[in-house]
2 protein chains.
Amino acid sequence: MSKRTEKTIVDIAEELGLSVSTVSRALNDHPNISARTKEKVKKMARKLGYRPNAMAAGLRNNRSKTIGLLVPRISMFFPATIGTVVQNKLQEHGYNVIICQSNDSYEQEVALTNTLYSARIDALAVSTTLYTTDFSHFDIFKDNNIPLVFFDRVPKNYDVTIVKGDDYLGGLTVTQHLIEQGCKDIVHISGPLTCSLYVERVAGFKHALQQHKIPFKKSRVFYQELTRDNAWQACEKIFAQQPYPDGIFAANDTTAIAILEYCRKINVRVPEDLKIVGYSNDPRAEIIHPGITSVDQFPAMMGERVAEALLDLMQQPRQTPQRHAAEMVPIQLIKRASSEVKVNKRKKSQ
Amino acid sequence: MSKRTEKTIVDIAEELGLSVSTVSRALNDHPNISARTKEKVKKMARKLGYRPNAMAAGLRNNRSKTIGLLVPRISMFFPATIGTVVQNKLQEHGYNVIICQSNDSYEQEVALTNTLYSARIDALAVSTTLYTTDFSHFDIFKDNNIPLVFFDRVPKNYDVTIVKGDDYLGGLTVTQHLIEQGCKDIVHISGPLTCSLYVERVAGFKHALQQHKIPFKKSRVFYQELTRDNAWQACEKIFAQQPYPDGIFAANDTTAIAILEYCRKINVRVPEDLKIVGYSNDPRAEIIHPGITSVDQFPAMMGERVAEALLDLMQQPRQTPQRHAAEMVPIQLIKRASSEVKVNKRKKSQ
DNA sequence: TCAAGTAATGCAAACGTTTGCATTTCTGCG
DNA sequence: CGCAGAAATGCAAACGTTTGCATTACTTGA
């Protein structure tokens, strides 16, 4: 009810006839404050309902105990999982996390980077927009030696700490798998090439084809934002004319699911007529029928690594220029029915 | 590269031979600064690479331009969607959002509430833990007239602004639907009753039974955390002995999905032998086969409302004690195959 | 009892803004 | 040219901490 004044350490000091410095140190368990004083101070703090003002402290010692997490969107499975893990881990270490979403807009990303800097966050973790090719808005962080970690969607040619999945291997593995399952004419629906991770998956895709002497046809690769609508449109092109492909490698599961639905509509059987593989191992991939083969990117592990990298960098003294590690999180192909070879044609197994 | 000093408005002032106050006002577009001066100041600011220090400003005028969002977890569909919307909307208005997750732990919730207060956030939106029945840790916010909004999982008997779904109606509607579809022996898997929203769904459930003169049996209601594992265990009890129920109302979709899987395992046909309805209209409910009837809670709308409520409250002068509205977001039953009445038994429709 | 050494406390500046009030500079008009 | 009033600028305090250094209070041993 007392909405008059917020209590400060000054109030505690006055109440106790001590100096503010003593109170401050007592609250922070500074070694040369006597146990008795600490006791008294803390008791009075509780009694007065004192709450530390993080902004004041932050201003004074130039650290906000807050870190920033900047992602395209938080409602998608993959970034959400990473966010969860990073959050929890940093929370344990006494940091707050400001989560921001760029909504895949470059302008928003730039604007948010600036506000986050203004908030004087102690570190920043970023997964960029699909269209970010200029990274200079992050320079302020580098120039001031503020820990900066990129994950998943990471920059090319920008010297910085990176945690990413093995996208080349992912693309390679998926394609090899499809080929092993008997596919000879494979479509790849990729994200835009402005995003390096798709470049690498495409590279893996090409390499696998080459290994098996299958020609790479430009017309069988689509570069687009991986939304449901776009997937649907791509399908209309793909199935506008024969021959139909016998395998599709979709660079995310949303796309894979949309394709599956499209196939159901036009009576193309999966996996008999067409095998589909997605990416990221979204929970929906497991639940849909038939289950969709996908690539697990171990988001929890990636989150852990990001958090560790941040904590690590924050530990180093601000002066020393950062050493920039590049960590690779493994991937694993999760085989499901959508890419199975059916020996005899039963409509429903089990 | 110049990692020496952060530029401040003092630097700008010196460089230009102006006073700090003028510079400050110029940067904030204060009316009685001449256009020419503003121009000069902003140009110099750019030239020096000046970045405002939000903590200093915040300390001075006691507002951080940051709001807090405290939820059980951000990786679940429903809170994630709300978070996304709230985030974007507040971002538009120049606020940062600190998202915190309590992981459904009461202790964490209390701790986080305190750190958020220490960060001097300008407003707080909360969806509580399943087990929060004591809300006194939020008193600080009320006592200091800091906007406080609860959503989805909201307190009972705690005077505060609330945005929630119509859970009573939800429970009622689902149950009526099941009865209309011919169910006579319905199991309800509810969350713990420490959370008022489940209390209301149960009330709706009971009322519908009563309307149709179906007796309410305690043994047919389960109160538990709505995880996959718990759902599985409940199933083992439910199907340990005959008679099996002919309808199950699960209070979330994770549970509904788990039940569906269990049924597949033990060869109970859905919807022929058993009809299932979930809650929240998770994307998975649509994708699984058969599709699961569920209740859409319009999370985007709820997010909008929460954001509006926050902005609204922040507009009011701090002195006036808040008026506490309680908004009800509508619900809608989304009918799918899991509760369909099958006229003749075709295994696959269309 | 006193000096020396250690333990505990206090002083005051600093962090980078904002803002009420005072002061200076301009403008237009008689 | 002088003056009133408006427009633009400056001064200095305040926001709530932390911290280097100075000071005071204790302890101990001779």
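## Exercises on a predicted protein–DNA model

In chain A, 74% of the contacts between residues at least 6 apart in sequence join residues at least 24 apart; two residues are in contact if their C-beta atoms, placed from the backbone, lie within 7 Å. The model is predicted: local features need pLDDT of at least 70, side-chain atom pairs count only at pLDDT 80 or more, and totals for chains, interfaces and linings use all residues. Residues are numbered from 1 along each chain as its sequence is written, while chains are lettered from A and ligands numbered from 1 in the order in which they are written.

**Exercise 1.** Describe the overall form of chain A.

Step 1. Chain A has 13 helices and 12 strands. These are DSSP runs numbered from the N terminus, helices being H or I with at least four residues and strands E with at least two.

Step 2. The radius of gyration of chain A, taken over C-alpha atoms, is 26 Å, well over the 20 Å of the globule rule for 350 residues, so the chain is more spread out than a compact globule. That rule is 2.2 Å times the number of residues to the power 0.38.

Step 3. Along the principal axes, the C-alpha atoms of chain A fill a box of roughly 90 × 45 × 30 Å.

Step 4. Of its 350 residues, 44% count as buried, meaning that 20 or more other C-beta atoms, placed from the backbone, lie within 10 Å of the residue's own.

**Exercise 2.** Characterise the side of chain A that touches chain B.

Step 1. Here 42 residues of chain A are in contact with 42 residues of chain B.

Step 2. Elements of chain A giving two or more residues include H4, helix H5 (77-92), strand S2 (96-101) and helix H6 (106-118). H5(A) has the largest share, six residues.

Step 3. By class, this side has 18 nonpolar, 18 polar and six charged residues. Ala, Val, Leu, Ile, Met, Phe, Trp, Tyr, Cys and Pro count as nonpolar, Asp, Glu, Lys and Arg as charged, and the others, Gly among them, as polar.

**Exercise 3.** Find which elements supply the surfaces near DNA strands C and D.

Step 1. A residue is near a strand if its C-beta atom, placed from the backbone, lies within 6 Å of it. Of the 27 residues around DNA strand C, those that come nearest include A:Ser19, A:Ser21 and B:Ala56. DNA strand D is surrounded by 27 residues, with A:Thr8, A:Ala56 and B:Ser19 among the closest.

Step 2. For DNA strand C, H4(B) gives the most, with five residues. For DNA strand D, the largest share, five residues, comes from H4(A).

Step 3. The surface near DNA strand C divides into 11 nonpolar, 12 polar and four charged residues.

**Exercise 4.** Work out the strand order of the four-stranded sheet in chain B and locate the helix packed on this sheet.

Step 1. The sheet is open and parallel, in the order S7-S6-S8-S9; two strands pair if DSSP finds at least two bridges between them.

Step 2. Strands S7 (221-223) and S9 (275-277) of chain B are the edges, each pairing on one side only.

Step 3. Strand S8 (residues 247-250) of chain B joins S9(B) over three parallel bridges. Within S9(B), B:Ile276 is the bridge partner of B:Ile248.

Step 4. Helix H9 (residues 196-211) of chain B packs on the sheet, touching strand S6 (186-190), S7 and S8 of chain B, and its direction makes about 170° with that of S6(B). Axes are lines fitted to C-alpha atoms, for helices over the stretch in contact, with angles from 0 to 180 degrees between N-to-C directions.

Note on methods:
Buried ≥ 20, exposed ≤ 12 C-beta atoms within 10 Å, placed from the backbone.
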